[in-house]
Amino acid sequence: MSVCWKDLTEKDNLFATRQSVAELAKNVLHQHVMIISDQVKLDVQANSAAHYTRQTADIEYVCRLLWLAVPAKHVHPEINHLLSQRIIDGTTPDSSEFWQPAKDYDQRVVEMSAIAMALVEAPEIYWQPLTEEQQANLSEWLLSSTYIALPPNNWYWFRVLVLESLSSLGIAVDALNLEFDLQAIDDMRLEQGWYEDGATGVMDYYNPMAFQLYALMYCRWNPESPRKELLLSNALEFAKTYSDWFDVEGRQLAYGRSLNYRFAALALWAELARVNPEHPDIGLWRTLWTQGMNWWANQPISDNNGLLLPGFAYPNLLMSEFYTSSVSPLLAFKAFNALAMEDTHPFWQAEVASLTPTTKPQWVNDRHLQWRNGGSYLLTNASGSNELRECVDKYYKFAYSSAHGFCIDSVRWINQGWAGDNILAFQHPDTLQWYSRPRHIEAYREGEALVSVWSPFNGCNVTTYQSLQTDREVRIHRITSDRDLSFLMTGYCVDEWRGWFSHAAAAPSRIESQKLFSELRLVRGQGQACCYPCAPNTNVVYPHSSVPAISGVINVGDTDIEVHVLAGNI
């Protein structure tokens with residue numbers, strides 16, 4: 001059974017004041033005291049398993065609780081002392097609970113970053129009370145990350161935080177290796193304050209919840225660093241465009257991987273305020289953080305004990321990645337960094353106001369075109385993390401939305417009468433399987449249009465042009481095929497259920513619910529309007545949803561299809 005946090009506390013506005021946030025944090029942490037003290041055993045693989053071992057998932061549970069426990073140390077000291085003891089036991093070599101040193105590409109390095117944070121933010125609990133032997137064991141365990149291979153992406157920040165935290169405690173670290181990691185991070189920097197998460201060009205939530213958040217933490221820990229000015233200006237520039245990923249209701253754009261971490265991305269707004277307490281945008285940051293946290297408090301994402309369940313707007317293992325264990329969503333606790341600021345801090349004194357309901361479209365590195373119109377919307381031809389489950393749906397759809405969500409398994413069940421959103425799919429004439437845009441052969445900006453060149457399978461090539469008019473998106477597909485092919489194109493999802501195989505009957509390609517609408521208008525080309533139900537639990541926001549669609553057949557040779565895509569609030 002899943003519940004909302006607001007139902008656990010019976011309060012409507014849990015994030016109105018620092019005191020109300022502290023009360024919630026205390027209540028949530030209290031649920032974990034018996035587990036951490038070994039009075040109740042948590043089976044971290046009870047609901048799901050990740051690609052790493054159960055022991056590593058146990059480490060993950062302890063460390064991800066730190067993101068909440070440390071900023072709440074004054075309201076719940078007991079769990080901090082319990083967590084400290086678990087860390088001592090885990091880093092003592094002759095202990096039966098020893099966590100083992102980190103190895104190449106080890107999830108342990110990810111979790112070490114939380115311990116690094118605890119050492120800097122709460123040394124009076126996590127370092128100073130330790131004996132010399134315990135301190136040596138802990139530092140040696142953390143230093144095991146120094147020379148191992150890491151994925152060449154945001155993971156470099158984990159080791160930077162570990163080495164910086166130890167250095168701040170007077171522990172000798174390899175300065176050359178630290179500089180190598182920092183330079184590798186610099187090399188991933190793009191224009192407008194964004195980073196690409198590795199060499200593939202991915203631009204997603206790892207910007208706010210990793211690259212920018214850790215950069216700001218690094219600046220707080222190293223006020224004399226020569227990198228500080230660049231990193232701070234970079235974060236402020238990033239915030240200008242990233243703010244449009246949040247809509248007027250506090251919802252986040254549904255896009256990319258690791259959506260299990262939910263409100264972890266909101267930590268950026270609090271961290272910006274911690275580093276820039278006098279900045280004129282602090283009211284905006286407070287608004288984005290507060291509205292976002294309040295929206296999440298109204299979603300059924302927790303069990304009765306306050307443990308966050310895998311999924312996005314509701315529990316859903318279908319959209320999880322191979323690195324998602326049952327405790328992985330606790331990384332969302334990063335957003336409780338706001339508690340580290342006192343009541344008198346300008347962040348807590350700032351007024352929470354309404355966001356501008358409509359913003360002008362913004363280009364981001366010529367890969368994203370984004371805007372807010374009630375909901376937050378994104379057109380993209382950026383690359384995806386191609387090694388991940390459901391990567392095509394998480395990155396290669398034509399558009400994404402905070403209001404409408406998106407579907408996984410968008411093409412897998414078309415023959416069974418289900419379809420996902422914002423796709424153009426073709427049926428292979430031999431296998432009868434359906435294929436949509438799998439990745440880009442080329443992707444670029446041409447004037448005010450996003451252009452992607454792609455192929456669903458051999459013998460069919462497509463060039464897609466996407467641009468905006470006043471109230472709609474224009475999609476033009478130029479298709480060259482050496483065979484006749486059946487096609488299906490869809491618009492945004494709506495939280496309105498249509499019956500199984502309802503697409504078999506002709507219907508206007510417009511769907512309305514009590515709060516949303518979605519419509520496709522065929523302007524050029526031949527096709528039949530209809531509506532498809534989405535397979536249950538495939539939309540990350542709504543367990544039941546449907547999409548407007550146009551289906552038909554293209555002939556051998558060249559075919560142009562133009563559709564206008566409309567979506568928004570009723």
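**Close-up 1. Gln427 sits in strand S5 of this predicted model.** Strand S5 covers residues 424-427. Gln427 has a relative accessible area of 16%, under the 20% cut-off, so Gln427 counts as buried. Beyond neighbours within four places in sequence, Gln427 is in contact with Asn415, Leu432, Gln433, Trp434, Phe457, Leu485 and Ser486. One of these, Asn415, also makes a polar contact with Gln427: their side chains are joined at 3.3 Å. Leu488 is 61 residues from Gln427 in sequence. In space, the C-alpha atoms of Gln427 and Leu488 are 8.5 Å apart.

**Close-up 2. Helix H5 runs over residues 107-121.** The helix has 15 residues. At 1.5 Å a residue, helix H5 should span 21 Å. Its end C-alpha atoms are 22 Å apart, which agrees. Of the 15 residues of H5, 14 are buried, so the helix is largely enclosed by the rest of the structure.

**Close-up 3. Seven strands form an open sheet.** The order is S7-S8-S9-S10-S16-S13-S12, and the pairing is antiparallel. Strand S7 (442-446) and strand S12 (510-512) are the edge strands, each pairing on one side only. On average, neighbouring strands of this sheet are turned by 20 degrees against each other, direction ignored.

**Close-up 4. Strand S7 pairs with strand S8.** Strand S8 covers residues 449-457. The two strands pair in the antiparallel sense over five bridges. Arg445 stands opposite Leu450 in S8.

Definitions and conventions:
Residues numbered from 1 in each chain as written. Predicted model: local features only at pLDDT ≥ 70, side-chain atom pairs only at ≥ 80, totals over all residues. Heavy atoms only, no water. Helix = DSSP H or I, 4+ residues; strand = E, 2+ residues; numbered from the N terminus. Buried < 20%, exposed > 50% of the residue type's maximum accessible area, 1.4 Å probe, protein only. Contact = heavy atoms within 4.5 Å. Polar contact = N/O pair within 3.5 Å; in protein donor to acceptor, adjacent residues only side chain to side chain. Expected span 1.5 Å × (residues − 1). Pairing = 2+ DSSP bridges. Axes fitted to C-alpha atoms, helices over the stretch in contact; angles between N-to-C directions.
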